[in-house]
Amino acid sequence: MDASRPFRLELTGITKRFPGVVANDHVSFSVKPGEIHALLGENGAGKSTLVKMIYGIMQPDGGEIGWDGQKVVMSNPKTARKLGIGMVFQHFSLFEAMTVLENIALGMDAKIPARELEAGIRKVMDEYGLVLDPHRVVSTLSVGERQRIEIVRALLLNPKLLIMDEPTSVLTPQEVEQLFGVLRKLAVEGCSILYISHKLHEIKALCHTATILRAGKLVDTCDPGEETSRSMAEKMIGASLKDIVRGEGRELGEAKFIVSDLSTGKLGHFDVAVEAVSFSVRAGEILGIAGVAGNGQNALLNALSGEILAHDASDVTLDGQPLGRLDTTGRRRHGLCAVPEERNGHAAIGDFSLAENTILTARDRMSMVVMGLINSGAARTYTGKVITEFAVKALGPAALAGSLSGGNLQKYIMGREILQRPSVLIVSQPTWGVDAGAAAAIHQALVDLAAEGSAIVVISQDLDELLALCDTMAVINNGRLSPSMPVGTVTVEEIGLLMGGVHGEKAAEDTHAVPA
Amino acid sequence: MSPELLIGIIITLVGASTPILFAALGELVAEKSGVLNLGVEGMMLVGAVICFAVTYNTGNPWLGILSAALASAAVSMIFAVLTLGLSANQVATGLALTIFGTGFSALFGRAYTGKPLALFKSVFPDALATHPLLRAVFGYSPLVYLSLAMVALVWWFLAKTRGGLILRAVGESDISAHSMGYSVIGVRYAAVAFGGAMAGIGGSCFPLMLTPQWVEGLTAGRGWIALALVVFGAWRPIRLLGGAYLFGLVMTIELYAKAGGGIAHVVPSQFWAALPYLATILVLVLISLRQSSNTSAPACLGKPFLPTN
């Protein structure tokens with residue numbers, strides 16, 4: 001570090017308390033100009049809180065923020081933007097019903113005439129190779145395109161520091177590469193980047209420095225190039241990482257769960273239907289379905305779980321039994337359980353206790369209803385068992401589902417279904433937002449369930465997860481499913497191409513492209 | 001149909017629509033910012049009674065209109081403090097506001113029951129305002145022209161100005177607007193106050209244009225029609241104008257049916273009186289049938305915003 005150049009950003013002893021938790025406990029680190037600095041940590045480690053304070057959305061309870069050698073107070077996001085801090089949020093802060101142009105205008109502090117703004121947008125898009133039509137309404141755009149809006153918006157302010165909060169969780173591998181290209185170019189131009197993620201290989205590929213947080217405390221600042229993914233993961237969770245243990249000499253049985261030519265109609269305005277999906281899962285097999293969000297995963301899960309009925313009973317069969325015309329309750333009775341992606345409101349009811357939520361899906365298989373009356377003792381006992389076996393942090397079976405953190409609720413839901421010992425389990429995003437330790441436990445539970453002869457379908461956007469967990473993989477794109485491929489015979493690049501729809505991606509981009 | 005009758009119908013229609021148009025425009029702005037204020041009827045009644053009292057005592061209708069706007073805006077602030085400041089339920093609070101407005105206007109208006117008020121007539125020269133054809137253009141109360149100007153103003157504000165963009169953004173996603181540094185609560189206070197003032201002006205149309213005598217419940221449920229109109233107009237000022245005049249037409253049919261002969265007398269007069277409200281229900285049913293195509297409703301409508309998140 002050149003001594004004459006001050007740090008772009010310097011945090012000293014930043015502390016933030018919420019009722020009951022210390023989200024950040026005396027966190028200190030600094031970012032140089034042009035440095036890509038990773039902020040690593042589990043969910044709940046305090047990364048988001050920390051960057052919200054840097055961006056002025058929240059105020060620290062203690063500590064100081066230094067900017068280019070000066071002590072500053074970030075009283076609100078406007079102050080931060082004035083200094084040259086741009087932020088791309090994890091959950092995009094976009095207005096669905098408005099156009100790209102209007103969304104970007106809202107992120108500008110100065111009043112800029114629409115025409116000048118549009119010219120500025122096109123200039124930034126040209127310079128960094130980002131393609132967007134300024135006049136499209138956001139609700140019609142893909143997730144990758146939405147992120148580009150946020151990036152363009154941030155770049156228009158000529159930022160000196162760009163904060164990216166988990167930017168790649170929704171992108172295809174190709175989109176990730178494109179994004180990294182933009183970020184590297186920015187860094188060369190002298191812009192510092194604070195990059196929040198828990199994807200370790202990305203951090204190794206992109207970042208110069210990594211600061212690791214655990215439970216609100218800084219545990220280490222290291223050079224990701226000299227660390228392994230494993231060593232960084234262990235620093236994040238503060239314990240050694242467990243590998244998935246598979247039984248030796250595992251043999252897959254007969255085709256158990258067969259789906260043939262399954263189609264759904266369009267569900268809603270922005271949903272993609274599935275068309276003529278066929279696959280089969282053998283006893284003991286875990287099939288992974290990869291795909292970028294919004295390519296029909298919701299429709300597929302609903303069609304498999306029984307929320308949407310198939311046209312023909314034989315479209316979905318389990319051990320030869322046709323289930324296609326049965327609803328969720330009927331399919332559960334036959335041993336088909338499902339976990340949808342949305343936890344609160346779909347997989348569980350926030351205002352119900354855990355025991356009540358248990359009754360909703362486990363009543364038949366675990367005999368919790370006798371002659372139409374609920375046996376609440378049985379529900380409580382079973383819920384207690386889920387809480388213990390899956391290490392759910394909850395006050396007990398009477399705790400409201402809505403009071404649990406996202407990760408804990410997910411552990412409860414996964415446990416509730418897995419302990420029913422289903423013959424077929426369909427799960428969407430099993431470890432989304434769950435910390436690495438708990439994710440490992442959930443993965444192990446899935447592998448153990450498969451070892452007992454169940455057929456499992458995992459729908460996920462996390463390729464690493466699918467590659468680690470599954471025996472076979474298929475890719476869903478625009479409602480169509482690719483043939484199943486044994487894991488180990490395909491490369492990440494091939495899967496990435498399928499996720500982007502190979503030719504489809506290029507064609508789609510061209511239709512959105514605008515003359516520069 | 002004679003031209004005189006047609007002009008008569010147009011003039012009656014425009015007059016009947018104007019109070020609803022004012023109130024609905026105000027509510028549209030409030031709803032665009034994400035606040036559902038069901039207290040429109042109450043605020044209109046407060047505006048009506050304050051306007052009556054001030055105009056009766058000063059003889060100046062402009063002063064009456066201004067007082068009505070201020071009084072209703074003040075009443076809307078009760079709603080704003082409860083729902084925005086204390087995150088109370090907007091539906092319940094809005095209903096309570098209507099009950100309050102009804103009671104307040106009945107109590108305050110007792111002293112004026114049966115007293116006459118001069119109508120606030122056209123300010124154009126008599127030659128223009130009495131000529132049969134020109135009457136359809138120049139024969140209205142200044143309030144009518146004000147309402148049309150407000151439609152244009154609200155449209156321009158929402159569609160063309162940065163302030164309007166921010167207001168729509170707040171109604172579309174309060175959390176995003178907050179994270180960008182916009183004052184969600186501040187914008188909503190302003191929008192509710194505007195909604196209150198407009199409801200007050202709408203209320204003042206009753207004593208100044210329609211029934212120049214104080215009677216309890218003067219607005220006769222027009223505030224509810226204004227609420228339905230916002231949905232009918234799909235939160236767009238220009239469509240709102242069309243909707244208001246359509247409702248005005250239905251109300252005019254009621255008046256002419258009561259006065260006319262023939263078939264109108266076969267049908268009980270209660271039916272004609274109920275017609276505007278039946279039309280309201282019908283319109284709401286039709287709109288909910290094709291809800292999916294109607295994406296212009298503000299996404300955060302009626303949801304409380306807690307800035308700590």
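Student: In what order do the elements of chain B run from the N terminus on?

Tutor: Helices and strands are DSSP runs numbered from the N terminus, a helix (H or I) needing at least four residues and a strand (E) at least two. In this predicted model, the elements of chain B run α-α-α-α-α-α-α-α-α-α-α-α-α-α, which comes to 14 helices and 0 strands. Chain A, by contrast, has 17 helices and 23 strands.

Student: Which conventions should I keep in mind while reading?

Tutor: Residues are numbered from 1 along each chain as its sequence is written, while chains are lettered from A and ligands numbered from 1 in the order in which they are written. Because this is a predicted model, local features need pLDDT of at least 70 and side-chain atom pairs count only at pLDDT 80 or more, whereas totals for chains, interfaces and linings use all residues, and side-chain values use heavy atoms, with hydrogens and water left out.

Student: What does pLDDT come to for chain A and where does it stay under 50?

Tutor: The term pLDDT stands for the predictor's confidence in each residue, from 0 to 100. Chain A averages 86, with 93% of the residues scoring at least 70, but the value stays under 50 over residues 503–516 of chain A, for which the model has 13 contacts (heavy atoms within 4.5 Å) beyond four places in sequence. Chain B averages 88, and 94% of its residues score at least 70. The model as a whole scores ipTM 0.75 and pTM 0.72.

Student: How is the size of an interface given, and what is the area here?

Tutor: The size of an interface is often given as the accessible area lost when the parts come together. Buried area is the accessible area (1.4 Å probe) that two parts lose on being put together, summed over both. Between chain A and chain B about 1600 Å² is buried, and carbon and sulfur atoms give 64% of that area. On the side of chain A, F95(A), M98(A) and L106(A) lose the most area to chain B, together 34% of what that side buries. The contact takes 23 residues from chain A and 15 residues from chain B.

Student: Which residues form the salt bridge between the two chains?

Tutor: A salt bridge is a side-chain nitrogen of Lys or Arg within 4 Å of a carboxyl oxygen of Asp or Glu. The count between chain A and chain B is 1, and E102(A) forms a salt bridge with R168(B), their closest N and O atoms being 3.0 Å apart. Helix 2 (77–83) and helix 3 (100–106) of chain A each supply at least two residues of the side of chain A that touches chain B.
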